[in-house]
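This briefing is for a reader meeting the structure for the first time.

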Amino acid sequence: TSDNGPHTEGGHNPEYFNSSGSQRGTKRDLYEGGIHVPMIAWWPEKIPAESTTNHLSAFWDVLPTIADIVGHKKPDNIDGISFLPTLLGENGQKQHDYLYWEFHEKKGRVALRLENWKAVRYNVALNAKSPLELYNLAKDPSESNDISQKFPKIVSIMEALIQGARTESPVANFNFPLKKKKDKTAMAHEK
């Protein structure tokens with residue numbers, strides 16, 4: 001698996017092999033092409049051969065899954081959910097209520113997925129209330145038709161979830177809008 005979709009670093013051209021398929025975006029985008037990737041797991045006599053699943057998980061689910069596999073208690077302060085039941089083809093797989101991402105480069109980006117709804121907001125470091133894009137991934141997996149104007153109630157739900165999902169970081173550069181560093185003259189006057 002990977003923690004991101006295809007990239008453009010070093011002159012790579014993801015369009016050459018159609019690396020994102022029908023999905024929009026690449027690495028550092030929060031559209032599906034930048035974050036939705038396949039995962040292959042191989043565990044003879046545990047994972048049924050040629051089995052597939054559409055279970056939706058995130059990279060932060062890997063740690064609790066491995067903890068379950070080795071019989072170790074997962075840390076209490078993480079958002080991850082073990083997907084071991086899915087790997088073993090068992091019932092009882094817990095699901096995320098929603099998935100949330102944020103990216104701090106390229107003027108800041110956040111995204112939230114709730115079932116088939118996907119909200120994306122760019123330029124968050126400049127304006128925490130920049131326009132929220134809304135997509136129904138069941139009908140528009142390429143995220144080409146922003147339907148935020150047609151579904152204001154869903155937009156409100158997504159806005160509230162984004163605000164509640166975010167944890168303020170003690171590292172100022174990981175907060176939106178990004179705090180500007182004070183210059184040395186201003187700091188000297190404060191003393």
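Where is the place of Asn 77? Asn 77 is in the loop between α2 (62-70) and α3 (84-87). The model is a predicted one.

- Asn 77 is exposed, and its relative accessible area is 71%.
- Between Asn 77 and Glu 90 there are 26 Å in space, C-alpha to C-alpha, while the two are 13 residues apart in sequence.

**Strands and their pairing**

- Strand β1 (residues 99-103) and β2 run antiparallel and are joined by five bridges.
- In this pairing, Trp 101 stands opposite Ala 111 in β2.
- β1 and β2 form a hairpin with five residues between them, and Lys 106 in the turn has a positive phi of about 50 degrees.
- β2 and β3 also run antiparallel, joined by six bridges, and Leu 112 stands opposite Ala 119 in β3.
- The hairpin of β2 and β3 has two residues between the strands, and Glu 115 in the turn has a positive phi of about 55 degrees.
- β3 and β4 are antiparallel as well, with five bridges joining them; the bridge partner of Ala 119 in β4 is Leu 134.

- Six of the six residues of β2 are buried, so β2 is largely enclosed by the rest of the structure.
- From β2, Arg 109, Ala 111 and Arg 113 point one way, Val 110, Leu 112 and Leu 114 point the other way, and all are buried.
- β4 is likewise largely enclosed by the rest of the structure, because five of its five residues are buried.
- Both faces of β4 are covered, with Leu 132, Leu 134 and Asn 136 buried on one side and Glu 133 and Tyr 135 buried on the other.

**Nonpolar cores**

- The largest nonpolar core has 17 residues, and Leu 134, Met 158 and Ile 162 have the most contacts inside it.
- At least two residues of this core come from each of β2 (109-114), β3, β4 and α4 (152-165).
- α4 gives the largest share of this core, five residues.
- A second, separate core has 12 residues, among them Tyr 31, Ile 35, Trp 101 and Tyr 135.
- Leaving aside neighbours within four places in sequence, the contacts of Leu 134 include Trp 117, Ile 147, Phe 151, Val 155 and Met 158.

**Aromatic rings and charges**

- The model has four aromatic pairs.
- Why is the pair of Tyr 31 and Tyr 135 edge-to-face? The ring centres of Tyr 31 and Tyr 135 are 6.3 Å apart and the planes are at 80 degrees, so the pair is edge-to-face.
- This pair links distant parts of the chain, 104 residues apart: Tyr 31 is in the segment before α1 (32-35) and Tyr 135 is in strand β4 (residues 132-136).
- Over the ring of Tyr 31 sits the charged end of Arg 24, 3.8 Å from the ring centre.
- Over the ring of Trp 101 sits the charged end of Lys 118, 6.0 Å from the ring centre.

**The buried residue Arg 121**

- Arg 121 is in strand β3 (residues 117-122) and is buried, with a relative accessible area of 2%.
- A polar atom of the Arg 121 side chain lies 2.6 Å from the backbone oxygen of Ser 130.
- Leaving aside neighbours within four places in sequence, Arg 121 is in contact with residues including Gly 108, Val 110, Ala 128, Leu 132 and Glu 159.

Key
Residues numbered from 1 in each chain as written. Predicted model: local features only at pLDDT ≥ 70, side-chain atom pairs only at ≥ 80, totals over all residues. Heavy atoms only, no water. Phe/Tyr/Trp six-rings, centres within 6.5 Å; stacked < 30°, edge-to-face > 60°. Helix = DSSP H or I, 4+ residues; strand = E, 2+ residues; numbered from the N terminus. Lys NZ or Arg CZ within 6 Å of the ring centre and 35° of its normal. Buried < 20%, exposed > 50% of the residue type's maximum accessible area, 1.4 Å probe, protein only. Polar contact = N/O pair within 3.5 Å; in protein donor to acceptor, adjacent residues only side chain to side chain. Contact = heavy atoms within 4.5 Å. Core = buried A, V, L, I, M, F, W, Y, C linked by side-chain atoms within 4.5 Å. Pairing = 2+ DSSP bridges.
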